Structure formats: structure tokens, C-alpha cells
Amino acid sequence: MTGALGALGSAVLAMLASIGRVVIFAANTVKHLALHPFYPREFFQALVQIGWLSLPVVGLTAFFTGGALALQIYAGGARFSAEAVVPSIVAIGMVRELGPVLGGLMVAARVASSIAAEIGTMKVTEQIDALVTLSTDPMKYLTLPRVLAATLSLPILVAVGDAIGIFGGFLVGVNRLDFNSAAYLKNTVDFLETADVVSGMVKGAVFGFIVALMGCYHGMNSGRGAQGVGRATKSAVVAASVLILASNYILTEVFFTS
Amino acid sequence: MIELRGLHKSFGQNNVLAGVDLSIERGKSMVIIGGSGTGKSVLLKSILGLITPDQGQILVDGQDVTQADRDAFLARFGMLFQGGALFDSLPVWQNIAFRLMRGSLKRPKDEARDIAIEKLRRVGLKSDVADRFPAELSGGMQKRVSLARAIAAEPEIIFFDEPTTGLDPIMSGVINDLIREIVVDMGATAMTITHDMTSVRTIADDIAMLHAGRIQWTGPVGDMDQSGDRYIDQFINGRAEGPIEAIR
């Protein structure tokens, strides 16, 4: 009994220590935003890698999700003769929830893993130490550009994903469910509010911060060898995904009550 | 001059450095020898501030490194890492000129490239290597590029971490000769860690042997063979029998 409680206590302490380390890492990252120097070349490279090159996967995910959502809402709405709500629910569902969450998860899979693997390999091969000896702070050179690029590009990715998702729903609505195309578009525009779009983009920014932060944190703390880098990559994706879903609930509560 | 006083460092229960005292004179080439896992790399990384010692003092020209301005301190150092540690994402010339393109030593891009190419020539590589990426180079070429990076900003102090590991004997000889030449030409203070005795005899003015977390013996390289120390005698002659346990 004492042994089990001891193990539980150790696990809780270890978890709290991990949370503390992540919070300190995040605070350090944000602090560097205000400190000289800034590396624009690394920032723009990260912007292309994280934002531009994630567009196909986010776009495809949103497109098929929008189409499937239209079919599901139509089937559900038909049970109480509410098929007409398809355009508005697709739009609101995509913009407020599915666009940011699925976009965030897809970027987590694509970006958190690649950042963790890249930085983890740099650590294992002493490239991080080399940066320090060359008077370059790894937090400034590696972490800040990636976290900033992800935080700024995810809202745009989410907005583009929202539009593609709504278009997916529109195609299914018009071609498969026999909606009038003008009426579908009018319904979409009439029911969608600015706050819906903004709340989804704010979620995108938070998810972007989480994704890059987890990639960098786990990469910087990678263990030795191929196994260490593999473990760091896995941890980055799992942590980013769980934190996206948890913070999504918290943000939804905030937007819902405000 | 670099001076280490009572340096201690433990990792958990493992006391890697247990009171290291050592002086390296300005312009001299000191080689630290010792078996694998005896803390040679920890010692070197402690001086550079990559590892924080638990106890003890590190003085460079009489100044405690923990109190020195970090940027100015690091600007005096060059380091050749064991595996090269070249940045995969940058072409060779940008690796060499890395320090010259950022921070206090920043130069115009063209000038930084010219210096990188000159350093490439200095280590025996042609300018056509400049635009290649590290992954496209052989192990020996990577080591030379790393050496070029270490000397690019004309440092006063250069550290070499296992400079010949993973190289064939001929390439090891080339690297050893290059290191000796560069150190003499630049008048730099050098600190090398290795267990390659050919490197020791080529590079060293003085040697120090690290064993059980302390300096077991130190002196001029010429005195090494007649040191009368059983530990160093076993090590330099590569004998399995002796005071150092073969399986640690």
C-alpha cells in the first residue's frame, strides 16, 4: 500500500516537474521575442515550412471534413425536418471547431514531429553545442523563429481551411443533396458571424504556439541516439495533440461564455 | 592562460570530475589523454560553459569564466567537435562563416564568403566545396570543414575534441599535421582531447592524463615516455595489464 502510494506520489511529482519545465521553456521563448538579435532568415524559412507547406494537408483535411459534415447534418436534420440548416451548421462547425482543431492536429502531426526530429538530431550530433560555441543562443536561433512562425501562420491556415471546408460542404450540398447553390451560399453568409471566424483564428494561433513549442521542447530535451530522437518525436506529437484538444475545450468555454 | 582549480562534476552517483587542477600556458598546445568515459569531454565542455561544474573555478587570463561577458568570452574560442557538428541545413561556406555572419563579428556577406573560401584552402580543400552541403562530403572532408569553421574567426584559444576519431590513419595524419600547423601559425592556445597516441605526439607541447576524475600526470610531451607513472605508462603503451582496469 505504502509502495503504491509512493509510486503514485513520484509519478505526480514527475508530472508536475515536467509541466514546470515546459512552462519555463515557454516563458523563455516568449522572453526572447523582446531581446536582440532576431533571425529573419530562420523565421521566413520556418514560415514556409510550417505555414505554406502545410497548406495541402490542411486543405485536403478541411475539404473532406466539410463534405462529410454536410452529409451527416443532412441525415441528422432529416429526422426532424431540419435539412435546411446544413449550410449554416457546416459553416459554423467548420469555422468555430473543426477547422482549427483538425488543422491544428494535422499540423501537429506534420510539424511537431519534424521540428522535434530535426532539433533532436541537432542535439545528438552536437550541433546545438556548436551553436552555443559560435555565440548563438539556440532558443533564439531555433526555437523562437519556429514558435513565432507557427503562431502567426496557423490562424491563416485555419482561415484558408475554413473556406475550403465550407466549399467542400457546398459541393456536396449542391451536387449530392440538391441544394440551390445561391441559397446555400446565402445561408452560409447570413448565419456566419465575425466572432465565429475570429474565435477559430485565435484557436489557430494558440494551437500553432503549442505545436511548435512542443516540437522544440522535446527536440531540445531529446535523449541520446536514434531511440532518443524517436522518443522525442513521438512525445512531441502526443503532447501537442493532447494539449490542442485540452486547450480547445478551455478556449471554447471562454468564447461560449463571453 | 587557462587555469582549472578544483573542478568537480557529477552526474547522479557518477563523479566524473573529482577535483581537476590544471594550467595551460598561453600559446601552448595541451593534450588531455585518458580512457573512454573518464570525463575528457565534460572537462572541455565545462570550460566552454556547455556544462556547469558543481564546484571549482575556471579562469581564463585570470578572469573567472562565470563572471565574464559570455559573447566576448566565446568570441575568443574555436572548437572542433568530435563528429564535426556541421549544420546540415547550411552549405559549407555558411558553416565556416557562421560566426562572421552574425553577432559582434558580423561582416558583409561577400567578405564572409571570401574568408570561408580562404579557410577552406587553409585546410586543403578547394573552393568548389564551398557550395556543397555537409551531407555530400566524406568524413575526412567534414572534419576539415569543421576545422576551417573553428579557425574562421581567428580565435585565441582552440579546442579539439577527438579530432581523428572515425578517420583512416592517413587522414588522421593529415588532420594532426593541419592542427599542429594551424596552432603554430596562429600562435593560439590549444586544448585537445584524444586517446590517439599518434595525435598526442604530433599535436602536443604538454600532456595531462585524466584518470578517476583527477589529473593523474601532467608534463611536457617529451617526458611522457620516461614519466615513471604506472598509469600513463600503461595508457601510452596500450597494455591491458596495469593499474587502470581494462573493463570499466
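Let's start with helix α3 of chain A: spanning residues 55–77, it has 23 residues and runs 32 Å from first C-alpha to last, close to the 33 Å expected at 1.5 Å a residue. That expected span is 1.5 Å times one less than the number of residues, and helices here are DSSP runs of H or I with at least four residues, strands being runs of E with at least two, both numbered from the N terminus. Please keep in mind that this is a predicted model, in which local features need pLDDT of at least 70, side-chain atom pairs count only at pLDDT 80 or more, and totals for chains, interfaces and linings use all residues. Residues are numbered from 1 along each chain as its sequence is written, while chains are lettered from A and ligands numbered from 1 in the order in which they are written.

**Chain A overall**

- Chain A has nine helices and zero strands, giving the pattern α-α-α-α-α-α-α-α-α along the sequence.
- The C-alpha trace of chain A spans about 65 × 55 × 35 Å along its principal axes.
- Of the 258 residues in chain A, 44% are buried; a residue is buried if 20 or more other C-beta atoms lie within 10 Å of its own, exposed if 12 or fewer, and partly exposed in between, with C-beta atoms placed from the backbone.
- Among contacts in chain A between residues at least 6 apart in sequence, 87% join residues at least 24 apart; a contact means that the two C-beta atoms, placed from the backbone, lie within 7 Å.

- The buried residues of α3(A) include three glycines, Gly59(A), Gly66(A) and Gly67(A).
- Also buried in α3(A) are Val58(A), Thr61(A), Ala62(A), Thr65(A), Leu69(A), Ala70(A), Ile73(A) and Tyr74(A).
- The cover over these buried residues of α3(A) includes α4 (86–124) and α6 (138–175) of chain A.
- An α-helix has 3.6 residues a turn, so residues three or four places apart point the same way.
- Helix α4(A) is largely enclosed by the rest of the structure, because 30 of its 39 residues are buried.
- A kink of about 55° in α4(A) is centred on Met94(A); the bend at a residue is the angle between axes fitted to the seven residues ending there and the seven starting there.
- Just after α4(A), Glu126(A) takes a positive phi of about 65°.

**Backbone details in loops**

- In chain A, the peptide bond from His36(A) to Pro37(A) is cis, with omega near -5°.
- Pro37(A) sits in the loop between α1 (2–33) and α2 (40–51) of chain A.
- In chain B, Asp61(B) has a positive phi near 50° without being a glycine, and it belongs to the loop between β4 (55–60) and β5 (63–64).
- Asp61(B) counts as partly exposed because it has 13 C-beta neighbours inside 10 Å.
- Ala212(B), likewise not a glycine, has a positive phi of about 50° and lies in the loop between β9 (206–211) and β10 (214–220) of chain B.
- Ala212(B) has 13 C-beta neighbours inside 10 Å, so it counts as partly exposed.

**Chain B overall**

- Chain B contains eight helices and 10 strands.
- The C-alpha atoms of chain B fill a box of roughly 55 × 40 × 35 Å, taken along the principal axes.
- The radius of gyration of chain B is 18 Å, which agrees with the value near 18 Å for a compact globule of 248 residues; it is taken over C-alpha atoms, and the globule rule is 2.2 Å times the number of residues to the power 0.38.
- Buried residues account for 44% of the 248 residues in chain B.
- Of the contacts in chain B with a separation of 6 or more, 63% come from residues 24 or more positions apart.

**Domains of chain B**

- Chain B is divided into domain 1 (1–76 + 156–248) and domain 2 (90–154), with bounds from an automatic or database domain assignment.
- The centres of domain 1 and domain 2 of chain B, taken over C-alpha atoms, are 26 Å apart.
- Their contact takes 11 residues from domain 1 of chain B and 12 residues from domain 2 of chain B.
- On the domain 1 side, α2 (70–75) and α6 (169–186) of chain B each supply at least two residues, and the largest share, five residues, comes from α6(B).
- That side of domain 1 divides into nine nonpolar residues, one polar and one charged; Ala, Val, Leu, Ile, Met, Phe, Trp, Tyr, Cys and Pro count as nonpolar, Asp, Glu, Lys and Arg as charged, and the others, Gly among them, as polar.

**Where the chains meet**

- In the contact between the chains, 10 residues of chain A touch 15 residues of chain B.
- The chain A side comprises three nonpolar, five polar and two charged residues.
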